[in-house]
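These notes are for a colleague who has not seen this structure before. Please read them with the model open.

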Amino acid sequence: MDLKGQKLCESLCFYLIVLACVGAFAGGLYTQSLKNLFIIYASGVCLTALVTIPDWPFYNRHPLKWLDPVTPPPPTEGQPAGDEAEGRKKTK
């Protein structure tokens, strides 16, 4: 998931949960049933989880371009290598 995909996922999660809350409140108020309110809200949370948890392809539309790894040049003759090059002494 790229950075823009993470932002999209977070926005979808927020708006779907808010929609589930409003829908559950309206459905529970209309039917005068707390059971229906919880069923509608749980359905909305499950739908939100289904949309936001898997790494769907539409979250990867803007892939990151990574830098190529840099390898240090090999030491030349006369130049100490490793810890000695940095002025450290090896302990026994």
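1. Tyr41 touches Ile17, Ala20, Cys21 and Ala24, not counting residues up to four places away in sequence; contact here means heavy atoms within 4.5 Å. Tyr41 is found in helix α2. Helices (H or I, at least four residues) and strands (E, at least two) are DSSP runs, numbered from the N terminus. The C-alpha atoms of Tyr41 and Ala24 are 5.1 Å apart, while 17 residues separate the two in sequence. Tyr41 counts as partly exposed because its relative accessibility is 31%. The classes are buried, under 20% relative accessible area, exposed, over 50%, and partly exposed in between (1.4 Å probe, protein chains only).

2. The model is predicted: local features need pLDDT of at least 70, side-chain atom pairs count only at pLDDT 80 or more, and totals for chains, interfaces and linings use all residues. Residues are numbered from 1 along each chain as its sequence is written, and side-chain values use heavy atoms, with hydrogens and water left out.

3. The chain has two helices and zero strands. Of its 92 residues, 14% are buried. Among contacts between residues at least 6 apart in sequence, 64% join residues at least 24 apart. Accessible areas come from the Shrake-Rupley method with a 1.4 Å probe; for residues, only the protein chains shown count as cover.

4. Does the length of α1 agree or disagree with its residue count? Helix α1 covers residues 3–31, and its 29 residues should span 42 Å at 1.5 Å a residue; the end C-alpha atoms are 42 Å apart, so the two values agree. The expected span is 1.5 Å times one less than the number of residues.

5. After α1 comes Gln32, which lies in the loop between α1 and α2. Gln32 is not a glycine, yet its phi is positive, about 55°. With a relative accessible area of 65%, Gln32 is exposed.

6. Which residues of α1 are buried? They are Gly5, Cys9, Leu16, Ala20, Ala24, Gly27 and Gly28. Helix α2, residues 34–52, is included in what covers them. As background, an α-helix has 3.6 residues a turn, so residues three or four places apart point the same way.

7. Two further residues of α2 may be read side by side. Thr48 lies in α2 and counts as buried because its relative accessibility is 3%. Leaving aside neighbours within four places in sequence, Thr48 is in contact with Cys13, Leu16 and Ile17. Cys46 also lies in α2, but Cys46 is exposed, with a relative accessible area of 54%. Cys46 and Ile17 are 29 residues apart in sequence, and their C-alpha atoms are 9.8 Å apart.

8. Leu8, Leu47, Leu50, Trp56 and Phe58 make a nonpolar surface patch of about 440 Å². Patches are made of residues with over 30% relative accessible area and no salt bridge; like charges are joined within 9 Å, nonpolar side chains (Val, Leu, Ile, Met, Phe, Trp, Tyr) within 5 Å. A salt bridge is a side-chain nitrogen of Lys or Arg within 4 Å of a carboxyl oxygen of Asp or Glu. Trp56 is in the segment after α2 and, at 34% relative accessibility, counts as partly exposed.
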